[in-house]
Amino acid sequence: MPFINDIKRYKSIATIGLEKNVGKTETMNYILKRLKGEGVLVGVTSIGIDGEMIDAVTSTPKPEITIFEGMLFATSEKHYKKKKFQAEILGVSEQSTALGRLVVSRAIGEGKVLLSGPSNSSWVKKVIDEILEKGVDTVIVDGALSRLSVGSPIITEGIVLSTGAAVSLSTAEVVKKTRHVVNLLKLDALDEIKTNKLLELEDGIYKIIWEKDIVNKLPIKSILNFSQLEENIFKEECSLYITGVLTERFIDNISKQNFLKNIEIIVKDFTKIFVSPEILNRFFRNGGMLKVLLNTKLIAITINPLAPSGHILDSKELIKAIEDFADVPVVNLREEIDV
């Protein structure tokens, strides 16, 4: 894959699939094999469970995660015992997942493993740091769109995104959903001084007037209570920083307000945005502004043109359509693996 050298520049990356069966696990296996061949020492884990032999939803076979000698991996006690190779235990967590404590190990041989890692993003970050402290060059976290938090720049430095026919049997629909995520990753970030100032704030919703150095916490607990605010609170230009999630309902509502062009909305990073492409595009068309504190680096996009049903999309057409808006390598996973 043409992006392997890019991966080597990062201390941590997440592999994220737009849907199940888009080839995310195959992507991870290929990355691990290539990095091993280049002498890069790698650590791996997952948020939640991955590497199942049979997909729990579709009942279709799934590739397992292949671990090579010398690699570090973190998985639950239950799945550590089921691994198919020898390993040296380096540490066991005090905290437990639903499948037992987390075991950090170094592979003595090569084999398959089920990855069932930390159940939340803050724990994932601690595990990444722990593995890095043991001397690895980079840590790869197996994530998913439903567990998008591992793609946050607070957790990992970059992501490899997997998409394909499992998202939709329509090329146009696959492109639309992929473009949406890529556009979120491309959102402009605040400068470092402003970012550091806002990162220090406790949870809440804040009205900010940068020119006057005014940062006021609004008297509402969530954006669901936005209608309780005085109507003239946004008569002057300002920024609205939301520490929690940005919802579709809120964006849909604010897109209809006369004061929309007075407000610049800020969220921590792209993982906080839960808005459909249609609603978000209307927000931008009406003059809405949205920025993030921190950007996540998109390293590459892999595609799997084969759907679980057997339907195959035209991979060349799909790659070309994605390349039109993505400034990163776009790779047909199946063709690369077969080379």
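**Exercise 1.** Work out in which sense strands β14 and β16 pair, and over how many bridges.

*Solution.* Start with the strand limits: β14 covers residues 238-242 and β16 covers residues 263-267. Strands here are DSSP runs of E with at least two residues, helices are runs of H or I with at least four, and both are numbered from the N terminus. Next, check the pairing, which requires that DSSP finds at least two bridges between the strands. β14 and β16 have 5 bridges and pair in the parallel sense. Within this pair, I242 stands opposite V267 in β16.

A word on the model: it is predicted, with local features needing pLDDT of at least 70 and side-chain atom pairs pLDDT 80 or more, while totals for chains, interfaces and linings use all residues. Residues are numbered from 1 along each chain, and side-chain values use heavy atoms, without hydrogens and water.

**Exercise 2.** Find the strands that pair with β19 (residues 297-304).

*Solution.* First, β11 (residues 158-164) runs parallel to β19, joined by 7 bridges; I159 stands opposite L298 there. Then take β20 (residues 330-332), also parallel to β19, with 3 bridges. Here I301 faces V330 as its opposite residue.

**Exercise 3.** Is V182 buried or exposed, and what does V182 contact beyond its sequence neighbours?

*Solution.* Locate V182 in helix α5 (residues 171-185). V182 has a relative accessible area of 1%, so it is buried (buried is under 20%, exposed over 50%, partly exposed in between; 1.4 Å probe, protein chains only). Leaving aside neighbours within four places in sequence, V182 contacts L161, L298, I301 and F325, where contact means heavy atoms within 4.5 Å.
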